[in-house]
Amino acid sequence: MSDVAIIGGGPTGLNAAIYTARADRRTLVFDDGGGTTRDVDTMENVYGFPGGVTGPELVDLGREHAQKYGAEIVEEEVVRIEPDDDRYRVETTVDEYTVDGVIIATGANYERPAIADVEPYEGHGVSYCVECDAYFYRDSPVAVVGTDNYAATEALMLLDYTDDVRILTNGSPFEADEELRERVAEAEIPVVTDDLDRLVGDETLESVVTRDGDEIPVDGLFVALGTAGGTDLAEMLGVPVDGDDVVTDSDQSTPVDRVYAAGDVTGGHQQIATSIGEGARAAINLLEELRGADYIDYKKLDSQPA
Ligand SMILES: Cc1cc2nc3c(=O)[nH]c(=O)nc-3n(C[C@H](O)[C@H](O)[C@H](O)COP(=O)(O)OP(=O)(O)OC[C@H]3O[C@@H](n4cnc5c(N)ncnc54)[C@H](O)[C@@H]3O)c2cc1C
C-alpha cells in the first residue's frame, strides 16, 4: 500500500489525513507547530460550532480525529521535497521519509524580508527558490536572508553552485538547530547579523547595503524566512505558483504526479470551511490516483515470470 505525506497539520491537512488514513494508507502529517489556525482566538462560520471554537481547540480535535484512524503526526519542519525514482523524498530538519503521494497544506506563508526595494529585484536577483534559480548564479556571490533551519539548509545547498555564500540575518540572531549551525560553520559560510537597509543595482541586483552603510556584493539574494512555505516546497517539485499561492486544478491536483495542494496555500476564500473542503477533495483524488498506480503495479507484478 502506498504512503502519503501531508505537509501541514492545520484543518486542511488533518481533514485530508482522515480520508487517507481511513483508506489504510500510511499517513504522515508533518506539523512544525505554526500555522494560522493556532493563532486565532475564535473561529466563526465553522460547521457544528454555533458558539465558535478556538483555533487550538479545532487543531486538537482534528488531530484526535485523524489519529483515531491511524494518521501519524510528525512534529518536524519540512525543509525539502524531491522526486526519488517513482516516489518522493521528504526531508525534515530531523529525518527523511519516502512516500508515494504528497498533499501540500502549509497554509498562507510568504514573507518578504524587511529591506527596502526588494520587490523591484524579484526575478532580477531576488529569489524565493534555491532549487529553481541557484543555477543562474554559478560561481557568483550569493546570500540567503533568514535566521532559521530553512535559511541554513538553503545556504548549504547553494554551495553546490558557488563557494561565495553568506547568510544575512538582518539584525536577528541566527537560530538554526545546533547541528545545522555546525555544518554552516564547517562550510565556512559567514553569518552576517547586521541590520540591512536596502538593495542596489542597475536593473539587476548588485549588492545589499547595511544600516551602517557597508555594501555586501551579491548577485543573487535568496529569501528563506521562517519555515519553508508551501510555495517554496511546491517550486522544489516543479509545481507552478502564482505569487503567494500554489496553483492547482479544480480537483486540487497539480501537474506533478501524485502531488496535490489544498487550503490557504492555494489562495481562494481562505476559510476553515473552504480549506477543509479542499483537503477532502485533495485526499479523495490522490487516493484515486494512487489506486491507479497500485493497480498498474499489480499488473506489472502479474506479468513477471514466476
Ligand atoms: C486573524 C484571522 C482570523 C480568522 N478567522 C476565521 C474565522 O473566523 N473563520 C474561518 O473560517 N476562517 C478564519 N480565518 C482563516 C482560517 O484561519 C484559515 O482559512 C485556516 O487556518 C486555513 O487552514 P490551513 O490548514 O490551510 O492552514 P494553517 O492553519 O495555517 O495550517 C498550516 C499548517 O502547516 C504547517 N506547516 C507550514 N509549513 C510547514 C513546514 N515547512 N513543515 C511542517 N509543517 C509546516 C503549520 O505548522 C500548520 O500546522 C482567519 C484567519 C486569520 C488570519
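Q: Which residues does isoleucine 81 touch, leaving out those up to four places away in sequence?
A: Isoleucine 81 touches Ile7, Tyr88, Arg89, Val90, Val102, Leu233, Met236 and Leu237. Keep in mind that this is a predicted model.

Q: And how many residues are in the largest nonpolar core?
A: The largest nonpolar core has 46 residues. Ile81 is listed among those with the most contacts inside it, along with Ile7, Phe30 and Val90.

Q: Which helix gives the most to this core?
A: That's helix 4, residues 149–158, with seven residues. The core also draws at least three residues from each of domain 1 and domain 2.

Q: What does a second, separate core include?
A: The second one has 19 residues, and Val4, Ile18, Val29 and Ala71 are among them.

Q: OK, back to the domains. Where do their bounds fall?
A: Domain 1 is made of 3–109 plus 229–303, and domain 2 runs over 119–223. Their C-alpha centres are 30 Å apart. Eight residues from domain 1 and ten residues from domain 2 take part in the contact.

Q: Helix 6 next. Is it mostly covered or mostly open?
A: Mostly covered: of the eight residues in helix 6 (230–237), seven are buried. Those are Gly230, Thr231, Asp232, Leu233, Ala234, Met236 and Leu237. Leu233, Met236 and Leu237 also turn up in the contact list of isoleucine 81.

Q: What happens just after helix 6?
A: Glycine 238 sits there with a positive phi of about 85 degrees.

Q: Switching to the ligand. Which residues are closest?
A: Thr12, Asp32, Thr36, Thr37 and Glu44 are the closest, out of 32 residues that surround the ligand.

Q: What are the polar distances for aspartate 32 and glutamate 44?
A: For aspartate 32, a polar side-chain atom lies 2.5 Å from an oxygen atom of the ligand. With glutamate 44, a polar backbone atom is 2.8 Å from a ligand nitrogen.

Q: How much of the ligand does the protein cover?
A: 84% of the 1000 Å² of accessible area that the ligand has on its own.

Q: Now aspartate 31. Where is it, and is it buried or exposed?
A: Aspartate 31 is in the loop between strand 2 and helix 2. It counts as buried because its relative accessibility is 5%, and the cut-off for buried is under 20%.

Q: What does the side chain of aspartate 31 reach?
A: It reaches the backbone nitrogen of glycine 33, at 2.7 Å. Beyond four places in sequence, aspartate 31 is in contact with Gly9, Arg38, Arg63, Ile73, Val74, Glu75 and Glu76.

Q: Last one: serine 2. What does its side chain make a polar contact with?
A: With the side chain of arginine 25, at 3.2 Å. Serine 2 lies in the segment before strand 1 (3–7), and serine 2 is buried, with a relative accessible area of 3%.

Conventions. Residues numbered from 1 in each chain as written. Predicted model: local features only at pLDDT ≥ 70, side-chain atom pairs only at ≥ 80, totals over all residues. Heavy atoms only, no water. Core = buried A, V, L, I, M, F, W, Y, C linked by side-chain atoms within 4.5 Å. Buried < 20%, exposed > 50% of the residue type's maximum accessible area, 1.4 Å probe, protein only. Helix = DSSP H or I, 4+ residues; strand = E, 2+ residues; numbered from the N terminus. Domains from an automatic or database assignment. Contact = heavy atoms within 4.5 Å. Near = heavy atom within 4 Å. Polar contact = N/O pair within 3.5 Å; in protein donor to acceptor, adjacent residues only side chain to side chain. Areas by Shrake-Rupley, 256 points an atom, 1.4 Å probe, with all protein chains shown as cover.
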